[in-house]
Amino acid sequence: MPYFKILLAVDSSEHSMIAAKKGLELADQLQATVALLFVIDRTKIVHSSDTGIFAEEAIAMLRKEAEHTLDHLATMCNGNDVTRFMPE
């Protein structure tokens, strides 16, 4: 059974990036399209008025991390079609 579309759910952890690279290699071998989905670990959204970090700022930083990670992975797709799903 051939696969034409591969969904890769990633975060920026080392394990996730290793798995994503394997998924991209598989997509390349199958000439499949790739959908990259960035998953945010909500426990990273630490905010405190004592430190001056507010929830909105923490979320913006995580979105920037998501964009950077997806951009990096998209460059590794060897010409395969890529769709990116960012957190809202």
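**View 1. The buried residues of helix H1 in a predicted model.** Ser16, Met17, Ala20, Gly23, Leu24 and Ala27 are the buried residues of H1 (buried means under 20% relative accessible area, exposed over 50%, partly exposed in between; 1.4 Å probe, protein chains only). They lie on the same side of H1 because their arc around the axis is only 120 degrees (the arc is that of the directions from the helix axis to the C-beta atoms). Their cover includes strand S1 (5-10), strand S2 (33-38) and helix H2 (55-74) (helices, H or I of at least four residues, and strands, E of at least two, are DSSP runs numbered from the N terminus; contact means heavy atoms within 4.5 Å). Residues are numbered from 1 along each chain as its sequence is written. Local features need pLDDT of at least 70, side-chain atom pairs count only at pLDDT 80 or more, totals for chains, interfaces and linings use all residues, and side-chain values use heavy atoms, without hydrogens and water.

**View 2. The opposite face and the end of H1.** Exposed Glu14, His15, Lys22 and Gln29 sit on the face turned away from the buried side of H1. Gln31 follows H1 and has a positive phi, near 55 degrees.
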